[in-house]
Amino acid sequence: MKKKDTYYLTTAIAYANAAPHIGFALELLYSDVMCRYQRLLGKEVHFLTGTDEHGQKIFKAAEQSGQDSQSFTDEQSAKFSELADLWNISNDDFIRTTEDRHKAGAQKFWLASMKNGDIYKKTYTGLYCVGCESFKTEKDLVDGLCPDHKKAPEILQEENYFFRLSNYQKLLEKLFEKNKSFIVPASRFNEMYNILKNGLEDISVSRSKEKLPWGITVPNDPTQVMYVWFDALTNYITALGYGSADETNFEKFWPAVHVIGKEINRFHSLLWPAMLMSAGLETPKQIAVHGWMTVDGQKMSKSVGNVINPAELTAEYQLEAVRYFLVREIPFNDDGDFSSEKFRERYTADLANGLGNFTSRVLTMVEKYCDNQIPAVANIDNNFINFIKTEIWPNYLKNMDVWNFVHAYEIVWKLVAACDQMISDRKPWILAKEGKIQEVKDLLYHLCEALRQIAIMIYPVMPETSEKLITQLGLDVNIELSKSLSDLQEWVDLTVGNKINKGEILFPRL
Ligand SMILES: [Zn+2]
(Lines give C-alpha, C1' and ligand atoms only; values in the text may rest on other atoms or scores of the structure.)
Protein backbone atom coordinates (compact mmCIF):
# COMPACT_ATOMS: atom_id res chain seq x y z
CA MET A 1 0.00 0.00 0.00
CA LYS A 2 1.29 3.41 -0.92
CA LYS A 3 1.97 5.63 2.06
CA LYS A 4 0.05 8.88 2.28
CA ASP A 5 1.99 12.06 1.84
CA THR A 6 3.11 12.34 5.43
CA TYR A 7 5.98 14.14 7.10
CA TYR A 8 7.27 13.21 10.52
CA LEU A 9 9.76 15.49 12.25
CA THR A 10 11.26 15.23 15.70
CA THR A 11 13.50 17.49 17.70
CA ALA A 12 15.92 15.82 20.06
CA ILE A 13 14.29 15.38 23.44
CA ALA A 14 15.71 17.92 25.84
CA TYR A 15 17.62 16.59 28.83
CA ALA A 16 15.51 17.80 31.74
CA ASN A 17 18.21 18.48 34.33
CA ALA A 18 18.14 22.27 33.99
CA ALA A 19 15.99 25.05 32.58
CA PRO A 20 15.58 25.29 28.78
CA HIS A 21 18.55 26.69 26.94
CA ILE A 22 18.34 29.02 23.93
CA GLY A 23 19.94 26.25 21.85
CA PHE A 24 16.89 24.07 22.39
CA ALA A 25 14.58 26.99 21.62
CA LEU A 26 16.44 27.43 18.35
CA GLU A 27 16.02 23.72 17.56
CA LEU A 28 12.29 23.98 18.27
CA LEU A 29 12.09 27.04 16.06
CA TYR A 30 13.90 25.53 13.06
CA SER A 31 11.69 22.45 13.41
CA ASP A 32 8.56 24.55 13.65
CA VAL A 33 9.45 26.51 10.52
CA MET A 34 9.99 23.25 8.61
CA CYS A 35 6.78 21.67 9.88
CA ARG A 36 4.65 24.72 9.09
CA TYR A 37 6.24 24.80 5.64
CA GLN A 38 5.48 21.10 5.08
CA ARG A 39 1.87 21.73 6.10
CA LEU A 40 1.72 24.54 3.53
CA LEU A 41 2.93 22.02 0.96
CA GLY A 42 -0.15 19.98 1.84
CA LYS A 43 1.55 17.18 3.75
CA GLU A 44 0.06 15.52 6.78
CA VAL A 45 2.63 16.50 9.40
CA HIS A 46 3.39 14.98 12.76
CA PHE A 47 5.75 17.09 14.86
CA LEU A 48 7.22 15.66 18.04
CA THR A 49 9.27 17.15 20.83
CA GLY A 50 9.68 16.21 24.48
CA THR A 51 12.01 15.57 27.39
CA ASP A 52 14.61 12.96 28.24
CA GLU A 53 14.22 12.26 31.95
CA HIS A 54 16.36 9.32 33.03
CA GLY A 55 20.05 8.89 33.80
CA GLN A 56 22.79 9.78 36.21
CA LYS A 57 22.75 13.56 35.75
CA ILE A 58 19.04 13.87 36.45
CA PHE A 59 19.26 11.49 39.38
CA LYS A 60 22.01 13.66 40.88
CA ALA A 61 20.27 16.94 40.10
CA ALA A 62 17.09 15.67 41.78
CA GLU A 63 19.07 14.57 44.83
CA GLN A 64 20.72 17.97 45.07
CA SER A 65 17.38 19.75 44.86
CA GLY A 66 16.05 17.52 47.65
CA GLN A 67 13.22 16.15 45.51
CA ASP A 68 12.40 12.64 44.40
CA SER A 69 13.34 12.03 40.79
CA GLN A 70 9.78 11.93 39.47
CA SER A 71 8.61 15.23 40.96
CA PHE A 72 11.88 16.81 39.90
CA THR A 73 11.38 15.76 36.28
CA ASP A 74 7.68 16.73 36.38
CA GLU A 75 8.74 20.24 37.26
CA GLN A 76 11.60 20.35 34.74
CA SER A 77 9.60 18.89 31.88
CA ALA A 78 6.82 21.45 32.35
CA LYS A 79 9.34 24.22 31.67
CA PHE A 80 10.05 22.74 28.24
CA SER A 81 6.43 22.34 27.22
CA GLU A 82 5.79 25.89 28.45
CA LEU A 83 8.66 27.11 26.27
CA ALA A 84 7.12 25.38 23.25
CA ASP A 85 3.84 27.20 23.93
CA LEU A 86 5.54 30.51 24.59
CA TRP A 87 7.43 30.33 21.28
CA ASN A 88 4.28 29.33 19.37
CA ILE A 89 5.72 25.95 18.39
CA SER A 90 3.18 23.83 16.51
CA ASN A 91 4.18 20.42 17.87
CA ASP A 92 1.50 17.72 17.72
CA ASP A 93 2.84 15.73 20.63
CA PHE A 94 5.18 16.09 23.60
CA ILE A 95 6.74 12.90 24.91
CA ARG A 96 8.34 12.31 28.30
CA THR A 97 10.54 9.27 28.74
CA THR A 98 9.05 8.70 32.20
CA GLU A 99 5.61 8.10 30.68
CA ASP A 100 4.24 4.56 30.62
CA ARG A 101 3.70 4.65 26.85
CA HIS A 102 7.42 5.22 26.42
CA LYS A 103 8.60 2.65 28.96
CA ALA A 104 6.48 -0.09 27.41
CA GLY A 105 7.75 0.67 23.90
CA ALA A 106 11.40 0.89 25.00
CA GLN A 107 11.11 -2.53 26.64
CA LYS A 108 9.50 -4.06 23.56
CA PHE A 109 12.32 -2.59 21.49
CA TRP A 110 14.92 -4.11 23.81
CA LEU A 111 13.34 -7.53 23.47
CA ALA A 112 13.24 -7.28 19.67
CA SER A 113 16.92 -6.43 19.57
CA MET A 114 17.78 -9.15 22.08
CA LYS A 115 15.81 -11.73 20.12
CA ASN A 116 17.95 -10.85 17.15
CA GLY A 117 21.06 -11.76 19.17
CA ASP A 118 22.34 -8.19 19.42
CA ILE A 119 22.26 -7.76 23.19
CA TYR A 120 24.62 -9.77 25.40
CA LYS A 121 26.05 -9.54 28.93
CA LYS A 122 29.68 -9.04 29.89
CA THR A 123 31.89 -7.59 32.58
CA TYR A 124 33.40 -4.39 31.52
CA THR A 125 35.89 -1.92 32.88
CA GLY A 126 35.79 1.36 31.12
CA LEU A 127 36.07 5.11 31.18
CA TYR A 128 32.73 6.74 31.75
CA CYS A 129 31.88 10.40 31.27
CA VAL A 130 28.90 11.32 33.44
CA GLY A 131 28.41 14.50 31.40
CA CYS A 132 27.91 12.48 28.21
CA GLU A 133 26.25 9.55 29.98
CA SER A 134 28.49 7.28 27.95
CA PHE A 135 31.59 5.14 28.07
CA LYS A 136 34.61 6.58 26.28
CA THR A 137 37.48 4.90 24.54
CA GLU A 138 41.00 6.36 24.66
CA LYS A 139 40.61 7.70 21.14
CA ASP A 140 37.53 9.71 22.15
CA LEU A 141 39.56 11.67 24.71
CA VAL A 142 41.67 14.77 24.20
CA ASP A 143 44.59 14.99 26.67
CA GLY A 144 42.79 12.44 28.82
CA LEU A 145 39.65 14.59 29.03
CA CYS A 146 36.21 14.33 27.48
CA PRO A 147 36.41 16.98 24.71
CA ASP A 148 32.82 18.11 25.37
CA HIS A 149 32.99 18.31 29.15
CA LYS A 150 36.70 18.98 29.73
CA LYS A 151 36.59 16.44 32.54
CA ALA A 152 38.50 13.22 33.10
CA PRO A 153 36.12 10.26 32.82
CA GLU A 154 35.55 7.96 35.82
CA ILE A 155 36.79 4.37 35.77
CA LEU A 156 33.80 2.10 36.02
CA GLN A 157 33.62 -1.68 36.36
CA GLU A 158 30.30 -3.37 35.90
CA GLU A 159 28.56 -6.36 34.50
CA ASN A 160 26.42 -4.80 31.80
CA TYR A 161 24.46 -5.64 28.74
CA PHE A 162 26.13 -4.76 25.48
CA PHE A 163 24.71 -3.94 22.08
CA ARG A 164 26.48 -5.45 19.07
CA LEU A 165 27.01 -2.16 17.27
CA SER A 166 29.97 -3.81 15.48
CA ASN A 167 27.50 -6.14 13.73
CA TYR A 168 26.12 -3.16 11.86
CA GLN A 169 29.37 -1.79 10.48
CA LYS A 170 28.71 -3.05 6.94
CA LEU A 171 25.01 -2.23 6.90
CA LEU A 172 25.68 1.30 8.16
CA GLU A 173 28.34 1.79 5.51
CA LYS A 174 25.81 0.71 2.90
CA LEU A 175 23.22 3.09 4.33
CA PHE A 176 25.68 5.98 4.18
CA GLU A 177 26.89 5.14 0.68
CA LYS A 178 23.40 4.71 -0.71
CA ASN A 179 22.08 7.97 0.69
CA LYS A 180 24.50 10.88 0.75
CA SER A 181 21.86 13.15 2.22
CA PHE A 182 21.15 10.77 5.08
CA ILE A 183 22.84 13.42 7.23
CA VAL A 184 22.76 17.11 6.32
CA PRO A 185 24.83 19.25 6.02
CA ALA A 186 27.51 17.33 4.10
CA SER A 187 30.21 18.32 6.60
CA ARG A 188 28.30 16.45 9.34
CA PHE A 189 27.80 13.50 7.03
CA ASN A 190 31.54 13.29 6.40
CA GLU A 191 32.36 13.57 10.08
CA MET A 192 30.15 10.57 10.87
CA TYR A 193 31.30 8.62 7.83
CA ASN A 194 34.90 8.96 9.02
CA ILE A 195 34.03 7.71 12.49
CA LEU A 196 32.19 4.82 10.89
CA LYS A 197 35.15 3.99 8.65
CA ASN A 198 37.40 3.80 11.72
CA GLY A 199 35.32 0.90 12.97
CA LEU A 200 32.55 0.65 15.53
CA GLU A 201 32.82 -1.11 18.88
CA ASP A 202 29.99 -2.70 20.81
CA ILE A 203 28.58 -0.41 23.45
CA SER A 204 27.28 -0.88 26.95
CA VAL A 205 23.51 -0.40 27.05
CA SER A 206 22.67 -0.96 30.69
CA ARG A 207 23.77 0.02 34.18
CA SER A 208 23.32 -1.77 37.46
CA LYS A 209 20.17 -0.63 39.20
CA GLU A 210 22.11 -0.44 42.44
CA LYS A 211 24.27 2.36 41.06
CA LEU A 212 21.57 3.98 39.02
CA PRO A 213 18.06 3.46 40.33
CA TRP A 214 16.57 6.02 37.92
CA GLY A 215 15.86 4.39 34.57
CA ILE A 216 13.78 1.87 32.67
CA THR A 217 14.21 -1.67 33.98
CA VAL A 218 15.74 -4.13 31.55
CA PRO A 219 13.11 -6.73 30.60
CA ASN A 220 13.58 -10.00 32.55
CA ASP A 221 16.45 -8.58 34.60
CA PRO A 222 15.39 -6.36 37.51
CA THR A 223 19.04 -5.77 38.53
CA GLN A 224 19.69 -3.59 35.46
CA VAL A 225 18.33 -0.40 33.96
CA MET A 226 18.69 0.68 30.35
CA TYR A 227 21.49 2.97 29.38
CA VAL A 228 19.98 6.40 28.96
CA TRP A 229 20.63 6.67 25.21
CA PHE A 230 19.20 3.26 24.46
CA ASP A 231 16.10 4.35 26.36
CA ALA A 232 15.90 7.90 25.03
CA LEU A 233 16.35 7.24 21.31
CA THR A 234 13.32 4.99 21.18
CA ASN A 235 11.08 7.97 22.11
CA TYR A 236 10.86 8.73 18.39
CA ILE A 237 8.85 5.56 17.84
CA THR A 238 7.21 5.03 21.23
CA ALA A 239 5.53 8.42 20.79
CA LEU A 240 3.92 7.00 17.64
CA GLY A 241 2.56 4.08 19.61
CA TYR A 242 5.30 1.53 18.85
CA GLY A 243 4.90 -1.26 21.39
CA SER A 244 1.33 -0.27 22.28
CA ALA A 245 -1.97 -1.83 21.30
CA ASP A 246 -2.40 0.79 18.57
CA GLU A 247 0.49 1.21 16.17
CA THR A 248 -1.50 3.10 13.52
CA ASN A 249 0.53 6.28 13.83
CA PHE A 250 3.78 4.36 13.80
CA GLU A 251 2.81 2.69 10.54
CA LYS A 252 1.56 5.94 9.12
CA PHE A 253 4.41 8.32 9.99
CA TRP A 254 7.65 6.41 10.54
CA PRO A 255 10.44 7.02 9.41
CA ALA A 256 11.28 10.49 10.73
CA VAL A 257 13.45 13.45 9.98
CA HIS A 258 15.43 14.04 13.18
CA VAL A 259 16.52 17.60 13.95
CA ILE A 260 19.46 17.61 16.35
CA GLY A 261 22.46 19.58 17.55
CA LYS A 262 25.89 18.54 16.34
CA GLU A 263 27.01 17.32 19.79
CA ILE A 264 24.64 14.34 19.66
CA ASN A 265 25.04 13.47 16.00
CA ARG A 266 26.89 10.25 16.68
CA PHE A 267 24.10 8.73 18.72
CA HIS A 268 21.55 9.58 16.05
CA SER A 269 23.55 8.77 12.95
CA LEU A 270 25.40 5.62 14.05
CA LEU A 271 23.81 4.07 17.12
CA TRP A 272 20.14 4.74 16.38
CA PRO A 273 20.05 3.39 12.81
CA ALA A 274 21.90 0.26 14.00
CA MET A 275 19.40 -0.16 16.84
CA LEU A 276 16.52 0.15 14.39
CA MET A 277 18.01 -2.40 12.00
CA SER A 278 18.51 -4.71 14.92
CA ALA A 279 14.83 -4.43 15.87
CA GLY A 280 13.85 -4.99 12.24
CA LEU A 281 12.61 -1.43 11.69
CA GLU A 282 13.19 1.17 9.00
CA THR A 283 16.09 3.61 9.50
CA PRO A 284 15.40 7.39 9.80
CA LYS A 285 14.71 9.37 6.65
CA GLN A 286 17.23 12.04 7.52
CA ILE A 287 19.32 13.48 10.33
CA ALA A 288 19.37 17.28 10.02
CA VAL A 289 22.12 18.75 12.15
CA HIS A 290 22.05 22.39 13.20
CA GLY A 291 24.86 24.48 14.63
CA TRP A 292 25.22 26.48 17.81
CA MET A 293 24.43 30.06 18.63
CA THR A 294 27.05 32.41 19.97
CA VAL A 295 26.39 35.76 21.64
CA ASP A 296 28.36 38.83 20.65
CA GLY A 297 30.80 36.48 18.94
CA GLN A 298 31.41 34.40 22.08
CA LYS A 299 30.31 30.96 23.16
CA MET A 300 27.55 31.24 25.76
CA SER A 301 28.70 30.38 29.24
CA LYS A 302 27.71 31.09 32.80
CA SER A 303 31.17 32.38 33.65
CA VAL A 304 31.09 34.92 30.81
CA GLY A 305 27.57 35.82 31.90
CA ASN A 306 26.18 35.93 28.35
CA VAL A 307 23.69 33.08 28.60
CA ILE A 308 20.43 33.98 26.89
CA ASN A 309 17.26 32.72 28.50
CA PRO A 310 14.73 32.10 25.71
CA ALA A 311 11.76 33.26 27.81
CA GLU A 312 13.55 36.50 28.70
CA LEU A 313 14.44 37.13 25.08
CA THR A 314 10.81 37.01 23.97
CA ALA A 315 9.74 39.05 26.99
CA GLU A 316 12.09 41.79 25.84
CA TYR A 317 11.30 41.61 22.11
CA GLN A 318 8.24 40.64 20.10
CA LEU A 319 8.18 36.86 19.62
CA GLU A 320 7.56 37.02 15.88
CA ALA A 321 10.52 39.35 15.43
CA VAL A 322 12.75 37.05 17.47
CA ARG A 323 11.65 34.08 15.38
CA TYR A 324 12.37 36.01 12.19
CA PHE A 325 15.73 37.25 13.36
CA LEU A 326 17.00 33.82 14.41
CA VAL A 327 15.85 32.09 11.24
CA ARG A 328 17.12 34.87 8.99
CA GLU A 329 20.43 35.43 10.76
CA ILE A 330 21.55 32.04 12.10
CA PRO A 331 22.02 29.56 9.27
CA PHE A 332 20.63 26.12 10.05
CA ASN A 333 23.76 24.43 8.75
CA ASP A 334 26.29 26.44 10.66
CA ASP A 335 26.94 28.40 13.82
CA GLY A 336 25.57 31.91 14.02
CA ASP A 337 25.75 34.91 16.26
CA PHE A 338 23.19 36.83 18.25
CA SER A 339 23.69 40.38 19.46
CA SER A 340 21.17 43.01 20.51
CA GLU A 341 22.73 45.35 18.02
CA LYS A 342 22.27 42.95 15.12
CA PHE A 343 18.75 42.23 16.27
CA ARG A 344 17.90 45.93 16.27
CA GLU A 345 19.48 46.47 12.88
CA ARG A 346 17.59 43.63 11.23
CA TYR A 347 14.36 44.52 12.99
CA THR A 348 14.55 48.10 11.80
CA ALA A 349 15.62 47.29 8.24
CA ASP A 350 13.49 44.22 7.48
CA LEU A 351 10.47 44.53 9.73
CA ALA A 352 9.80 48.13 10.79
CA ASN A 353 11.06 49.87 7.62
CA GLY A 354 10.66 46.82 5.38
CA LEU A 355 7.57 44.67 5.58
CA GLY A 356 5.77 46.76 8.21
CA ASN A 357 6.17 50.04 6.40
CA PHE A 358 5.36 48.54 3.02
CA THR A 359 2.11 47.03 4.36
CA SER A 360 1.11 50.27 5.96
CA ARG A 361 1.86 52.28 2.79
CA VAL A 362 -0.19 49.97 0.58
CA LEU A 363 -3.18 49.75 2.89
CA THR A 364 -3.20 53.50 3.54
CA MET A 365 -3.33 54.13 -0.22
CA VAL A 366 -6.12 51.58 -0.65
CA GLU A 367 -8.03 53.49 2.01
CA LYS A 368 -7.36 56.81 0.40
CA TYR A 369 -7.69 56.06 -3.30
CA CYS A 370 -9.88 52.96 -3.48
CA ASP A 371 -12.57 53.57 -0.89
CA ASN A 372 -11.07 50.99 1.43
CA GLN A 373 -11.60 48.16 -1.07
CA ILE A 374 -9.27 45.97 -3.05
CA PRO A 375 -9.46 47.65 -6.46
CA ALA A 376 -10.35 45.98 -9.75
CA VAL A 377 -7.50 45.89 -12.22
CA ALA A 378 -7.60 47.16 -15.81
CA ASN A 379 -4.08 46.31 -16.95
CA ILE A 380 -2.25 43.27 -15.69
CA ASP A 381 1.50 43.75 -15.27
CA ASN A 382 2.82 40.49 -16.67
CA ASN A 383 6.44 41.32 -15.93
CA PHE A 384 5.68 41.68 -12.27
CA ILE A 385 3.59 38.49 -12.16
CA ASN A 386 6.33 36.55 -13.92
CA PHE A 387 8.94 37.92 -11.59
CA ILE A 388 7.05 36.51 -8.61
CA LYS A 389 6.11 33.28 -10.36
CA THR A 390 9.43 32.41 -11.91
CA GLU A 391 11.96 34.07 -9.63
CA ILE A 392 10.57 34.50 -6.17
CA TRP A 393 8.47 31.37 -5.62
CA PRO A 394 10.82 28.73 -7.12
CA ASN A 395 13.81 30.12 -5.23
CA TYR A 396 11.86 30.37 -2.04
CA LEU A 397 10.65 26.76 -2.31
CA LYS A 398 14.03 25.40 -3.36
CA ASN A 399 15.71 26.92 -0.32
CA MET A 400 12.99 26.03 2.18
CA ASP A 401 13.19 22.40 1.04
CA VAL A 402 16.85 22.13 2.09
CA TRP A 403 16.73 24.05 5.39
CA ASN A 404 18.24 27.11 3.78
CA PHE A 405 15.87 29.48 5.55
CA VAL A 406 18.38 32.34 5.42
CA HIS A 407 18.21 32.44 1.62
CA ALA A 408 14.51 31.65 1.42
CA TYR A 409 13.74 34.77 3.44
CA GLU A 410 16.36 36.81 1.71
CA ILE A 411 14.37 36.11 -1.46
CA VAL A 412 11.05 37.08 0.13
CA TRP A 413 12.57 40.39 1.19
CA LYS A 414 13.80 40.89 -2.35
CA LEU A 415 10.12 40.94 -3.28
CA VAL A 416 9.33 43.42 -0.51
CA ALA A 417 12.10 45.66 -1.85
CA ALA A 418 10.85 45.31 -5.44
CA CYS A 419 7.35 46.36 -4.33
CA ASP A 420 8.73 49.36 -2.46
CA GLN A 421 10.67 50.29 -5.57
CA MET A 422 7.50 50.15 -7.66
CA ILE A 423 5.86 52.67 -5.35
CA SER A 424 8.86 55.00 -5.55
CA ASP A 425 9.01 54.70 -9.34
CA ARG A 426 5.34 55.13 -10.11
CA LYS A 427 4.59 57.77 -7.45
CA PRO A 428 0.87 56.98 -7.11
CA TRP A 429 0.24 60.22 -5.19
CA ILE A 430 1.29 62.17 -8.30
CA LEU A 431 -0.74 59.89 -10.59
CA ALA A 432 -3.75 60.57 -8.36
CA LYS A 433 -3.25 64.31 -8.58
CA GLU A 434 -3.10 64.01 -12.35
CA GLY A 435 -6.42 62.18 -12.25
CA LYS A 436 -4.93 58.87 -13.46
CA ILE A 437 -6.86 56.98 -10.83
CA GLN A 438 -7.11 53.67 -12.74
CA GLU A 439 -3.32 53.58 -12.94
CA VAL A 440 -3.20 54.00 -9.18
CA LYS A 441 -5.74 51.20 -8.78
CA ASP A 442 -3.78 48.92 -11.09
CA LEU A 443 -0.65 49.48 -9.09
CA LEU A 444 -2.38 48.90 -5.76
CA TYR A 445 -4.07 45.76 -7.01
CA HIS A 446 -0.68 44.26 -7.85
CA LEU A 447 0.81 45.34 -4.55
CA CYS A 448 -2.08 43.84 -2.58
CA GLU A 449 -1.65 40.56 -4.45
CA ALA A 450 2.07 40.61 -3.76
CA LEU A 451 1.31 41.27 -0.10
CA ARG A 452 -1.04 38.28 0.00
CA GLN A 453 1.68 36.06 -1.43
CA ILE A 454 4.28 37.46 0.95
CA ALA A 455 1.89 36.66 3.80
CA ILE A 456 1.93 33.01 2.71
CA MET A 457 5.71 32.88 2.35
CA ILE A 458 6.31 34.27 5.83
CA TYR A 459 3.78 31.93 7.42
CA PRO A 460 6.36 29.31 8.52
CA VAL A 461 8.49 31.84 10.39
CA MET A 462 5.95 34.48 11.46
CA PRO A 463 2.57 32.73 11.57
CA GLU A 464 0.83 35.48 13.55
CA THR A 465 2.04 38.26 11.26
CA SER A 466 0.99 36.17 8.29
CA GLU A 467 -2.52 35.83 9.69
CA LYS A 468 -2.72 39.53 10.48
CA LEU A 469 -1.73 40.39 6.91
CA ILE A 470 -4.30 38.02 5.44
CA THR A 471 -6.98 39.55 7.68
CA GLN A 472 -5.91 43.08 6.80
CA LEU A 473 -6.41 42.22 3.14
CA GLY A 474 -10.01 41.35 3.98
CA LEU A 475 -9.51 37.60 3.56
CA ASP A 476 -10.41 34.68 5.78
CA VAL A 477 -7.33 33.15 7.36
CA ASN A 478 -8.80 29.65 7.63
CA ILE A 479 -9.85 29.60 4.01
CA GLU A 480 -6.54 30.98 2.76
CA LEU A 481 -4.32 28.66 4.78
CA SER A 482 -6.29 25.59 3.82
CA LYS A 483 -5.70 26.16 0.11
CA SER A 484 -3.04 24.25 -1.73
CA LEU A 485 0.20 26.04 -2.28
CA SER A 486 -0.24 25.99 -6.05
CA ASP A 487 -3.64 27.70 -5.66
CA LEU A 488 -2.10 30.24 -3.34
CA GLN A 489 0.45 31.10 -6.00
CA GLU A 490 -2.24 31.81 -8.57
CA TRP A 491 -3.12 35.38 -9.40
CA VAL A 492 -6.87 35.37 -9.13
CA ASP A 493 -9.30 38.18 -8.51
CA LEU A 494 -10.14 36.81 -5.12
CA THR A 495 -9.67 40.04 -3.38
CA VAL A 496 -11.41 42.53 -5.65
CA GLY A 497 -14.09 44.51 -3.82
CA ASN A 498 -13.09 43.12 -0.46
CA LYS A 499 -12.96 45.62 2.34
CA ILE A 500 -9.52 45.84 3.86
CA ASN A 501 -9.05 46.01 7.62
CA LYS A 502 -6.14 48.27 8.16
CA GLY A 503 -5.19 47.37 11.68
CA GLU A 504 -2.39 48.16 14.04
CA ILE A 505 1.16 48.84 12.87
CA LEU A 506 2.82 45.43 12.51
CA PHE A 507 6.29 46.35 13.67
CA PRO A 508 6.55 49.58 15.66
CA ARG A 509 9.97 51.24 15.60
CA LEU A 510 12.18 50.27 18.52
ZN1 LIG B 1 31.57 14.18 28.29
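Within what distance do the axes of helix α6 and helix α10 come, and at what angle do they cross?

## Basis of the description

This is a predicted model, in which local features need pLDDT of at least 70 and side-chain atom pairs count only at pLDDT 80 or more, while totals for chains, interfaces and linings use all residues. Residues are numbered from 1 along each chain as its sequence is written. Helices (H or I, at least four residues) and strands (E, at least two) are DSSP runs numbered from the N terminus.

## The helix pair

The axes of α6 (residues 186-197) and α10 (residues 265-278) come within 11 Å and cross at roughly 55°, the axes being lines fitted to C-alpha atoms, for helices over the stretch in contact, with angles running from 0 to 180 degrees between N-to-C directions. The two helices are therefore oblique to each other, since angles under 35 degrees count as roughly parallel, over 145 as roughly antiparallel, 65 to 115 as roughly perpendicular and the rest as oblique.

Arg188, Met192, Ile195 and Leu196 of α6 make the contact with Asn265, Arg266, Ser269 and Leu270 of α10, where contact requires C-beta atoms, placed from the backbone, to lie within 7 Å.

## The sheet

Four strands form an open sheet in the order β6-β5-β7-β9, with antiparallel pairing, where two strands pair if DSSP finds at least two bridges between them. Because β6 (134-136) and β9 (203-204) stand at the edges with a single partner strand each, one side of each is left without a neighbour in the sheet.

Strand β5 (residues 119-129) pairs with β7 (residues 154-163) over ten bridges, and tyrosine 124 has glutamate 158 in β7 as its bridge partner. Three bridges join β5 to β6, where phenylalanine 135 is the bridge partner of tyrosine 128; in the hairpin of these strands, with four residues between them, glutamate 133 takes a positive phi near 55°.

Key:
Contact = placed C-beta atoms within 7 Å.
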